[in-house]
Amino acid sequence: MDEKKEIVSKETPAGNTVHPFSESNPPIERPEDQPDHDVKLEMTSDEEEVVEEDLYKPLVMDESIAHEANPLTVRAVVVGIILGCLVNASNLYLGLKTGFSFSANMFGAIFGYGILKFFEKSGGNMPIIGGAFGPQENSIVQAAATGAGGISGIFIAGIPAMYRLPGVMPKGHTPRDDIGAIFTITLVCSFLGLFYVTPLRKFFIVQVARELRLMFPTATAVGLTIRSMHAGAAGGIEAIKKLKCLALSFTAALVQRVASYYAPGILYDWHPLTWIHIWSGYKSWAMNIESWGWFFEWTPAFIGSGILIGLNPAISMFIGSVSAWALIGPLLVHYGECIGKAQWDETTPQWEGYYSFNSLRNLGKEPPSPRYWLLWPGVMVMVCSSMAELIVQYKVIGYGFKTIWYQSCSGINHRLVAKGKTSKFFAKYGAPRQKKEDEVEDFAAPEDQVKHWMWLVGLLVTVVLAMIIFHFQWDMHPGLTILACLLAFLFSFLAIQIGAVTDTTPLTATAKASQLVFGAATSGSHFPIPQAQKLNLAAAGLAAGGADVANALVSDFRTGFLLRTPPVKQFIAQAIGSFVSVWLAPGLFILFTSAYPCILDPEVEHCAFLVPSVSAWAAVAQAVTDPSVPIPPKSGYFAIAMGLVSVVQCVFRHFYLVGEREKYRKWLPNWGAIAIAWVIPQTIYASASLLGAVVAALWRKYDMRTWDLYGYAVAAGFIAGEGLGGVVGAILTLAGVDGSVKGSMVGCPMDAC
């Protein structure tokens with residue numbers, strides 16, 4: 001794309017602020033015009049002076065901001081970790097429900113500002129608590145929050161998939177029984193990505209950022225937001241407004257979710273078709289429609305998600321739900337290709353016509369459920385569309401590898417010359433390149449950089465630990481562990497580049513590509529099928545988890561670069577946060593699986609958590625390891641056809657809809673969103689996201705000023721608030737005082753919501 005785009009507001013629009021994980025990412029609206037070599041930010045002062053600012057260089061800060069000698073403070077790290085823990089809990093709850101997860105960076109930046117600003121004003125010169133507060137310390141808060149809020153992804157996909165596949169984990173075991181192995185795999189996934197991506201900071205943020213248009217939209221938005229909050233008195237007033245809005249929406253979502261456990265049919269799930277059936281004296285045909293999941297859920301998290309992702313993905317997801325659960329599914333049942341399970345019996349004749357179409361039982365022994373039939377097309381489209389999006393960026397990827405090659409040759413040539421030796425080959429490819437006039441300079445002095453020994457020793461220790469841990473706890477040969485680590489690095493390198501341009505990190509592609517590679521690597525090794533599936537899921541978890549952490553750190557480096565925060569301080573903050581997440585995420589996973597055992601049991605048809613990412617990972621693991629997996633033939637043909645359609649559209653959009661035709665891209669469906677709707681056997685999340693997207697579109701159209709001020713705060717508060725409410729709900733369930741015991745199910749089908 002050769003057209004240029006100027007960002008005219010103080011902050012990048014919140015439509016690009018979602019950080020995705022796994023195949024069921026919130027499918028963010030694609031930026032129609034990516035910034036190129038001359039990205040500028042227009043800043044106005046009293047609508048008189050216009051100053052163009054280059055966003056590939058550190059931001060121009062308010063002159064009144066004092067120098068920050070050491071932004072890495074105890075208060076910043078502690079506050080960031082606490083905020084990150086909230087997001088970690090939220091991501092695990094939301095991820096198990098729908099596969100979605102969200103970054104903690106903006107949430108940490110805004111909430112962190114309010115808390116540390118309060119400490120600054122009330123703490124005086126008190127040690128640790130008091131002292132001046134500036135934008136660099138604010139960036140440390142969000143770095144620690146990002147670290148503590150990460151690594152939940154492996155607990156919404158690979159690890160629970162191991163328990164759902166027969167024979168993969170020891171019979172009768174629960175995550176509580178395997179807590180040691182779960183802690184150690186989390187440790188490896190967290191720190192592998194942290195260490196191997198650290199030396200690439202200068203490459204991604206400084207050396208090739210302008211050339212490859214690596215804008216990192218979300219990280220840039222966080223940097224701009226932090227600057228605006230510290231921009232004198234006016235910035236402080238706006239920051240307090242954002243904070244109050246965030247706190248209000250967070251509290252409202254938390255209270256609504258906890259209260260809804262005790263009256264879900266009134267406060268959370270609205271079943272108008274059930275109401276019609278009851279009002280008709282239980283004589284209507286409405287339950288046949290209700291069976292397909294057509295009701296509305298007042299879920300703040302997915303209304304907030306819709307606010308963020310934009311109209312195109314939300315509409316695409318809703319179209320996917322309609323096509324799956326109002327068209328394809330009913331037709332499959334009508335023609336006998338699939339069946340449903342009756343939910344009523346002779347004791348409940350009033351609910352005749354109420355079925356479940358979500359069964360995963362007796363596969364191969366009877367016609368499958370529509371959920372299982374549609375699972376394969378959904379997974380195929382996820383894999384094909386995400387891989388196609390990766391491949392069409394071949395120029396960006398190729399340039400990145402070429403630059404790494406030249407830099408490696410330059411380093412080798414420099415060392416040879418220092419020892420009095422020469423090499424024509426390395427002298428040729430390692431010769432100094434002439435600097436371009438617009439080349440970005442790194443503000444960080446050598447003492448502010450992450451020392452080589454820090455990441456190198458950490459990486460070596462992590463790889464050695466990985467070989468030991470995966471050998472003794474996951475039965476993986478050290479050679480396969482090294483292969484998994486190499487794949488994690490390779491896919492991280494690709495994912496960071498693509499995510500920096502599109503703001504959609506293709507972690508789907510990294511996970512699925514790893515599963516395919518390991519499926520091929522173990523195919524001739526005569527592993528028992530359960531063992532091959534365990535290796536497949538563990539390796540994919542390592543690759544996707546490492547890529548996720550690596551992308552988060554590079555995004556933090558981008559925010560810190562804009563604010564001139566020393567990279568070593570950010571690295572330490574995120575490392576501390578990541579260490580906390582190593583212990584937090586497994587504990588939360590055990591909490592949820594103890595309160596809701598159905599998460600790990602594929603044969604349970606009614607569960608509060610639909611685990612679509614888990615189903616997709618398990619399906620791919622089965623497909624590449626078990627030749628007898630019962631894929632319905634027509635489902636397979638349909639999957640191949642839809643996968644090809646998604647690839648063709650990607651190529652068409654990338655190579656044909658360019659220049660003057662680029663404006664038509666927004667009318668193309670988002671196949672990732674459609675695939676998500678096919679995998680999730682409910683329509684409620686698509687409906688809630690569509691509502692949020694419509695509200696956001698109308699809000700932006702009629703009052704852009706308040707949207708810029710409050711839009712993200714409302715969405716972030718809704719998402720984090722409901723997530724924490726889900727944690728409270730799990731605790732109430734374990735305590736035996738949840739809604740099923742103390743509440744009312746009025747308005748719910750068969751008195752169950």
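A polar contact is a pair of N or O atoms within 3.5 Å; within protein, one atom must be able to donate a hydrogen and the other to accept it, and residues adjacent in sequence count only if both atoms are side-chain atoms. The model is predicted: local features need pLDDT of at least 70, side-chain atom pairs count only at pLDDT 80 or more, and totals for chains, interfaces and linings use all residues. Residues are numbered from 1 along each chain as its sequence is written, and side-chain values use heavy atoms, with hydrogens and water left out.

**View A. Threonine 706 in helix H27.** The side chains of threonine 706 and aspartate 703 are joined by a polar contact of 3.1 Å. Threonine 706 has 14% relative accessibility and therefore counts as buried (under 20% relative accessible area, 1.4 Å probe, protein chains only). Beyond four places in sequence, threonine 706 is in contact (heavy atoms within 4.5 Å) with Trp699 and Gly711.

**View B. Threonine 593 in helix H22.** The threonine 593 side chain reaches two backbone oxygens, that of phenylalanine 589 at 2.8 Å and that of isoleucine 590 at 3.3 Å. Threonine 593 is buried, because its relative accessibility is 7%. Neighbours within four places aside, threonine 593 is in contact with Pro175, Ile599 and Leu600.

**View C. Packing of H22 (residues 567-595) and H27 (residues 704-735).** The helices (DSSP runs of H or I, at least four residues, numbered from the N terminus) pack at about 50°, with axes 9 Å apart. In H22, Leu588, Leu591, Phe592, Ser594 and Ala595 meet residues of H27 including Gly726, Val727 and Ala730. The residues of this contact comprise 8 nonpolar, 3 polar and no charged.

Note on methods:
Axes fitted to C-alpha atoms, helices over the stretch in contact; angles between N-to-C directions. Helix = DSSP H or I, 4+ residues; strand = E, 2+ residues; numbered from the N terminus. Nonpolar A, V, L, I, M, F, W, Y, C, P; charged D, E, K, R; others polar. Buried < 20%, exposed > 50% of the residue type's maximum accessible area, 1.4 Å probe, protein only.
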